[in-house]
Amino acid sequence: MNQQGETHNNLSGYVEGPAMMMRDLHGNVEFHAPVERRSPEEEELRRRKLEQERRELDRREAQEQERYRQAKRYVLECRIRKWGCTVVMPVALVIAVLGAIDVLAVNFAVAGFMGFLFSLIGWMYNARIVRDWDAGRMIKFPMRR
(Lines give C-alpha, C1' and ligand atoms only; values in the text may rest on other atoms or scores of the structure.)
Protein backbone atom coordinates (compact mmCIF):
# COMPACT_ATOMS: atom_id res chain seq x y z
CA MET A 1 0.00 0.00 0.00
CA ASN A 2 1.14 3.53 -0.77
CA GLN A 3 2.20 5.47 2.33
CA GLN A 4 0.94 8.81 1.00
CA GLY A 5 -2.54 7.51 0.33
CA GLU A 6 -4.27 5.65 -2.39
CA THR A 7 -3.88 6.60 -6.01
CA HIS A 8 -6.82 6.33 -8.37
CA ASN A 9 -6.67 6.48 -12.13
CA ASN A 10 -9.97 6.98 -13.90
CA LEU A 11 -10.51 6.92 -17.61
CA SER A 12 -14.04 7.64 -18.78
CA GLY A 13 -15.79 8.33 -22.03
CA TYR A 14 -15.14 6.86 -25.43
CA VAL A 15 -11.45 6.08 -25.99
CA GLU A 16 -10.16 4.86 -29.30
CA GLY A 17 -6.58 3.65 -29.59
CA PRO A 18 -3.91 3.35 -26.94
CA ALA A 19 -4.18 5.40 -23.74
CA MET A 20 -1.35 6.34 -21.38
CA MET A 21 -1.50 7.40 -17.75
CA MET A 22 1.70 8.89 -16.38
CA ARG A 23 2.82 10.52 -13.19
CA ASP A 24 6.08 12.38 -13.71
CA LEU A 25 7.32 13.44 -17.15
CA HIS A 26 10.67 14.99 -17.90
CA GLY A 27 11.17 16.20 -21.47
CA ASN A 28 8.97 16.33 -24.52
CA VAL A 29 6.31 13.76 -25.18
CA GLU A 30 5.01 13.51 -28.72
CA PHE A 31 2.09 11.48 -29.96
CA HIS A 32 1.86 10.73 -33.63
CA ALA A 33 -1.04 9.40 -35.61
CA PRO A 34 -0.46 6.04 -37.17
CA VAL A 35 1.21 6.36 -40.53
CA GLU A 36 -0.95 5.38 -43.45
CA ARG A 37 0.95 3.44 -46.06
CA ARG A 38 0.29 4.78 -49.53
CA SER A 39 1.20 3.42 -52.87
CA PRO A 40 3.65 5.40 -55.06
CA GLU A 41 0.73 6.39 -57.32
CA GLU A 42 -1.21 7.81 -54.37
CA GLU A 43 1.88 9.69 -53.18
CA GLU A 44 2.35 11.17 -56.66
CA LEU A 45 -1.31 12.23 -56.84
CA ARG A 46 -1.08 13.78 -53.39
CA ARG A 47 2.12 15.64 -54.31
CA ARG A 48 0.53 16.96 -57.53
CA LYS A 49 -2.59 18.08 -55.67
CA LEU A 50 -0.52 19.93 -53.06
CA GLU A 51 1.51 21.62 -55.81
CA GLN A 52 -1.69 22.65 -57.60
CA GLU A 53 -3.18 24.07 -54.39
CA ARG A 54 0.05 25.93 -53.69
CA ARG A 55 0.06 27.43 -57.21
CA GLU A 56 -3.59 28.48 -56.80
CA LEU A 57 -2.86 30.14 -53.45
CA ASP A 58 0.15 31.92 -54.94
CA ARG A 59 -1.97 33.13 -57.87
CA ARG A 60 -4.68 34.43 -55.55
CA GLU A 61 -2.12 36.15 -53.34
CA ALA A 62 -0.56 37.81 -56.39
CA GLN A 63 -4.01 39.01 -57.51
CA GLU A 64 -4.74 40.38 -54.04
CA GLN A 65 -1.41 42.21 -53.95
CA GLU A 66 -2.08 43.68 -57.40
CA ARG A 67 -5.54 44.87 -56.32
CA TYR A 68 -4.04 46.44 -53.18
CA ARG A 69 -1.40 48.19 -55.31
CA GLN A 70 -4.13 49.49 -57.64
CA ALA A 71 -6.22 50.68 -54.69
CA LYS A 72 -3.24 52.53 -53.19
CA ARG A 73 -2.60 54.20 -56.54
CA TYR A 74 -6.26 55.18 -56.85
CA VAL A 75 -6.25 56.69 -53.35
CA LEU A 76 -3.11 58.66 -54.22
CA GLU A 77 -4.89 59.98 -57.32
CA CYS A 78 -7.88 60.94 -55.15
CA ARG A 79 -5.58 62.82 -52.76
CA ILE A 80 -4.11 64.75 -55.71
CA ARG A 81 -7.56 65.47 -57.16
CA LYS A 82 -8.80 66.63 -53.75
CA TRP A 83 -5.88 69.06 -53.56
CA GLY A 84 -6.65 70.22 -57.13
CA CYS A 85 -10.30 70.82 -56.26
CA THR A 86 -9.21 72.77 -53.19
CA VAL A 87 -7.19 75.09 -55.44
CA VAL A 88 -9.85 75.42 -58.17
CA MET A 89 -12.81 76.17 -55.86
CA PRO A 90 -11.72 79.64 -54.68
CA VAL A 91 -10.54 80.61 -58.18
CA ALA A 92 -13.89 79.57 -59.68
CA LEU A 93 -15.73 81.41 -56.93
CA VAL A 94 -13.78 84.62 -57.58
CA ILE A 95 -14.54 84.34 -61.32
CA ALA A 96 -18.22 83.79 -60.54
CA VAL A 97 -18.35 86.84 -58.26
CA LEU A 98 -16.50 89.04 -60.77
CA GLY A 99 -18.92 87.92 -63.47
CA ALA A 100 -21.89 88.59 -61.20
CA ILE A 101 -20.81 92.17 -60.45
CA ASP A 102 -20.17 92.86 -64.18
CA VAL A 103 -16.41 93.12 -63.94
CA LEU A 104 -16.28 90.14 -66.31
CA ALA A 105 -18.87 89.00 -68.82
CA VAL A 106 -21.97 87.28 -67.48
CA ASN A 107 -20.88 84.05 -69.14
CA PHE A 108 -17.89 84.02 -66.78
CA ALA A 109 -20.27 84.15 -63.81
CA VAL A 110 -22.07 81.02 -65.03
CA ALA A 111 -18.81 79.24 -65.89
CA GLY A 112 -17.27 80.20 -62.54
CA PHE A 113 -20.31 79.01 -60.62
CA MET A 114 -20.36 75.70 -62.54
CA GLY A 115 -16.64 75.28 -61.96
CA PHE A 116 -17.15 75.91 -58.25
CA LEU A 117 -19.97 73.33 -58.06
CA PHE A 118 -18.01 70.67 -59.96
CA SER A 119 -14.95 71.29 -57.79
CA LEU A 120 -17.02 71.07 -54.63
CA ILE A 121 -18.61 67.78 -55.70
CA GLY A 122 -15.20 66.41 -56.74
CA TRP A 123 -13.65 67.49 -53.44
CA MET A 124 -16.43 65.78 -51.44
CA TYR A 125 -16.17 62.56 -53.48
CA ASN A 126 -12.39 62.36 -53.23
CA ALA A 127 -12.44 63.30 -49.54
CA ARG A 128 -14.86 60.45 -48.84
CA ILE A 129 -12.64 57.92 -50.61
CA VAL A 130 -9.52 59.12 -48.79
CA ARG A 131 -11.36 59.15 -45.45
CA ASP A 132 -12.67 55.61 -45.94
CA TRP A 133 -9.22 54.35 -46.98
CA ASP A 134 -7.55 55.99 -43.98
CA ALA A 135 -10.19 54.50 -41.67
CA GLY A 136 -9.49 51.02 -43.08
CA ARG A 137 -12.88 50.65 -44.73
CA MET A 138 -13.41 48.97 -48.07
CA ILE A 139 -13.44 51.32 -51.04
CA LYS A 140 -14.70 50.77 -54.57
CA PHE A 141 -12.37 51.83 -57.31
CA PRO A 142 -12.65 51.55 -61.08
CA MET A 143 -10.93 48.64 -62.79
CA ARG A 144 -8.34 49.81 -65.27
CA ARG A 145 -6.76 47.64 -67.89
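This is a predicted model: local features need pLDDT of at least 70, side-chain atom pairs count only at pLDDT 80 or more; totals for chains, interfaces and linings use all residues.

1. Serine 119 belongs to helix H2, which covers residues 106-134. Helices here are DSSP runs of H or I with at least four residues, strands are runs of E with at least two, and both are numbered from the N terminus. The relative accessible area of serine 119 is 8%, so this residue is buried; buried means under 20%, exposed over 50%, and partly exposed in between, with a 1.4 Å probe and protein chains only.

2. Residues are numbered from 1 along each chain as its sequence is written, and side-chain values use heavy atoms, with hydrogens and water left out.

3. With neighbours within four places in sequence set aside, glycine 112 is in contact with Ala92, Ile95 and Ala96. The C-alpha atoms of glycine 112 and alanine 92 are 4.5 Å apart, although the two residues are 20 places apart in sequence. Asparagine 126, also placed in helix H2, has a relative accessible area of 3% and is therefore buried. Under the same exclusion of residues up to four places away, asparagine 126 touches Cys78, Arg81 and Lys82.

4. Is alanine 111 buried, partly exposed or exposed? Alanine 111 is located in helix H2, and it counts as partly exposed because its relative accessibility is 48%.

5. The largest nonpolar core consists of eight residues, namely Ala71, Tyr74, Val75, Cys78, Ile129, Val130, Ile139 and Phe141. H1 and H2 each contribute at least two residues to this core, and H1 gives the most, with four. A nonpolar core is a set of buried Ala, Val, Leu, Ile, Met, Phe, Trp, Tyr and Cys residues joined through side-chain atoms within 4.5 Å.

6. The largest pocket holds about 160 Å³ of space. Its lining is formed by Arg67, Tyr68, Ala71, Trp133, Arg137, Met138, Ile139 and Phe141. Helix H1 (residues 40-100) provides the largest share of that lining, three residues. A pocket is an open set of points on a 1 Å grid over the protein atoms alone, where a 1.4 Å probe fits and protein lies on both sides within 12 Å along at least five of seven lines; lining residues have an atom within 4 Å of a point. Grid points are joined across faces, edges and corners, and the volume is the space filled by probe spheres set on the points.

7. The lining of the largest pocket divides into six nonpolar, no polar and two charged residues. In this division Ala, Val, Leu, Ile, Met, Phe, Trp, Tyr, Cys and Pro are nonpolar, Asp, Glu, Lys and Arg are charged, and the others, Gly among them, are polar.

8. Aspartate 102 is found in the loop between H1 and H2. Its phi is near 65°, a positive value in a residue other than glycine. Aspartate 102 counts as exposed because its relative accessibility is 60%.

9. Histidine 8 is placed in the segment before H1. With 57% relative accessibility, histidine 8 therefore counts as exposed. The C-alpha atoms of histidine 8 and arginine 79 are separated by 72 Å, and the two residues are 71 apart along the chain.

Conventions
Contact means heavy atoms within 4.5 Å.
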